Amino acid sequence: MNMARGKIQIKRIENATNRQVTFSKRRNGLFKKAQELTVLCDAKVSIIMCSSTGKVQEYVSSSTTTKQLLDEYQRRLKIDLWSSQYEKMQKNLKNLKEVNINLKKEIRQRLGESLNDLSLKKLSDLEQDVDNCLRIIRERKLRAISGQIVTHRKKVRREEEENRKLRNGFIINAKEEDQHYELVDNEGHYDSVIRFQNGGPGIFALRLQPNEALSSQWMSIHE
């Protein structure tokens, strides 16, 4: 018993996966028929389609190109497919040229040139525009300088901290390691050593630390 094939209702397939599968199958079948038509009948065929995902699919007979077929189509029907597009491109090009001319003119005016044709209001507007531009430039420059100042101050603080650590280390080493001699100023302060490094007025002298053994030996010799 033969089962009749059910008739498929032609409407949009809601399921995206099924829709894509059907598109691929029907596309391959259409391209196959176009190839058969090209070989069997020596026809020139071009098929262009866009899927729902925006991907372009194309088939064209090996003996021709899509452009050649479109040119043949225009020639046979005596129409021009590109005239409207060409006119739009020419109009767009004209507008871009006008914009370019106006921009060059504005640049010259900001440099103090081509001002004779400007009215008093346009001159006032140009002055205001230049002042606004200068204000923006000054603000950007001040922000850049402020950033540099902050960076410099951080660097100075790091160097001062390093200098303080080195100075403290020098003073501690001088007190702990020099058992008989100390580098001191007239008042006996180690800080004068650091002031001398920085151009301070400290005056230094070597002071012999008291040593009872040496003092006793010196006294016994002179007795």
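**Exercise 1. Is Glu-72 buried, partly exposed or exposed, and what does its side chain meet?**

Step 1. Look up the accessibility. Glu-72 has 25% relative accessibility. Buried means under 20% relative accessible area, exposed means over 50%, and partly exposed lies in between (1.4 Å probe, protein chains only). Glu-72 therefore counts as partly exposed.

Step 2. Note the source. This is a predicted model, where local features need pLDDT of at least 70, side-chain atom pairs count only at pLDDT 80 or more, and totals for chains, interfaces and linings use all residues. Residues are numbered from 1 along each chain as its sequence is written, and side-chain values use heavy atoms, with hydrogens and water left out.

Step 3. Find the partner. Glu-72 forms a salt bridge with Arg-75, with 2.3 Å between the closest N and O atoms. A salt bridge is a side-chain nitrogen of Lys or Arg within 4 Å of a carboxyl oxygen of Asp or Glu.

Step 4. Check the partner. Arg-75 is exposed, because its relative accessible area is 54%.

Step 5. Explain the spacing. Glu-72 and Arg-75 are 3 residues apart in helix α2, so about one helical turn separates them. Helices (H or I, at least four residues) and strands (E, at least two) are DSSP runs, numbered from the N terminus. An α-helix has 3.6 residues a turn, so residues three or four places apart point the same way.

Step 6. Widen the view. Glu-72, Arg-75 and Arg-76 are linked in a network of salt bridges.

**Exercise 2. Where is Met-49, and which residues does it touch?**

Step 1. Met-49 sits in strand β1 (residues 46-50).

Step 2. Classify it. Met-49 has a relative accessible area of 16%, so it is buried.

Step 3. List the contacts (heavy atoms within 4.5 Å). Leaving out residues up to four places away in sequence, Met-49 touches Phe-23, Arg-27, Leu-30, Phe-31, Lys-55, Val-56 and Gln-57.

Step 4. Compare sequence and space for one of them. Arg-27 is 22 residues from Met-49 in sequence, and their C-alpha atoms are 8.9 Å apart.

**Exercise 3. How do β1 and β2 run, and how many bridges join them?**

Step 1. Count the bridges. β1 and β2 run antiparallel, joined by 5 bridges. Strands pair if DSSP finds at least two bridges between them.

Step 2. Look at the turn. The two strands form a hairpin with 5 residues between them, and Gly-54 in the turn has a positive phi of about 90°.

Step 3. Find a facing pair. Ile-47 stands opposite Tyr-59 in β2.

Step 4. Sort the side chains of β2 (residues 56-60). Gln-57 and Tyr-59 point to one face and are buried.

**Exercise 4. Which residues make up the largest nonpolar core?**

Step 1. Apply the rule. A nonpolar core is a set of buried Ala, Val, Leu, Ile, Met, Phe, Trp, Tyr and Cys residues joined through side-chain atoms within 4.5 Å.

Step 2. Name the members. The largest core has 6 residues: Phe-31, Ala-34, Val-45, Ile-47, Met-49 and Tyr-59. The elements giving two or more residues to this core are α1 (16-41) and β1.

Step 3. Follow one member. Beyond its neighbours within four places in sequence, Ala-34 is in contact with Val-45, Ile-47 and Tyr-59.

Step 4. Turn to the helix. The buried residues of α1 are Arg-27, Phe-31, Ala-34 and Thr-38. These buried residues pack against β1 and β2.
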